[in-house]
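The exercises below ask you to read a structure step by step. Please look it over before turning to the solutions.

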Amino acid sequence: MLEMGIWLILIALAILSFASLYRSIKGPSVADRIIAINVISTKVTVMILLISIVLNQTGYMDVALIYALVGFITTLSVSKYLAKGKLYE
Amino acid sequence: MSILRDLLSLTFMAGGLFFFFVGTVGLIRLPDVLTRMHATTKCDTLGAGLIVVGVVLYLGFTLASLKALLILAFIWLTNPTAAHIIAKAVVQKDKEKL
């Protein structure tokens, strides 16, 4: 019963990720796109966590940790580039 | 006892899914960059927090649940930082435009 519920939550999270992808494609400014990609990154991290417990493979949690790290660095560098126009001094 | 724990865990996960839904609706429907950011940071902290609490309840007291709590701490540390930096960039761009 719990596995069925977790699969349903995973499908709903995937649909919500595609709904946020709409804002990232259509967004009028660059900041809208950065926000949408940040939200999608959080959703994919949570989805990897749920997949790791529903497949009973706890090693996938390291993948979720690395994914969160890479998403944070992406957001940081793109918004710094948006603010200053260059990445390094 | 086990079915009670499963039900509690599923309830927490459904709450997290509700907050993710609210954040996505705010991201699509709200009119401005800063209001959109307001909605999505809510969805990041509360939605991810409730789902990870559900995962920890499901796993019990193991090393994997400690890893899940580590991921949650990382998300809670980095998402407000990222939102702050994006907001700073947006404000700076607006000042340059004026």
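**Exercise 1.** Which residue with a positive phi follows H2(A)?

Solution. This is a predicted model, in which local features need pLDDT of at least 70, side-chain atom pairs count only at pLDDT 80 or more, and totals for chains, interfaces and linings use all residues. Residues are numbered from 1 along each chain as its sequence is written, while chains are lettered from A and ligands numbered from 1 in the order in which they are written. Helices are DSSP runs of H or I with at least four residues, strands are runs of E with at least two, and both are numbered from the N terminus. The residue after H2(A) is A:Asn56, with a phi near 60°.

**Exercise 2.** Describe the fold of chain A and how far it is spread out.

Solution. Begin with the secondary structure, which comes to three helices and zero strands, in the order α-α-α along the sequence. The radius of gyration, taken over C-alpha atoms, is 16 Å, well over the 12 Å of the globule rule (2.2 Å times the number of residues to the power 0.38) for 89 residues, so chain A is more spread out than a compact globule.

**Exercise 3.** Work out what chain A brings to its contact with chain B.

Solution. Counting residues as in contact if their C-beta atoms, placed from the backbone, lie within 7 Å, the contact takes 37 residues from chain A and 39 residues from chain B. On the side of chain A that touches chain B, helices H1 (2-26), H2 (30-54) and H3 (60-84) of chain A each supply at least two residues, and H2(A) gives the most, with 13 residues.

Terms used. Two residues are in contact if their C-beta atoms, placed from the backbone, lie within 7 Å.
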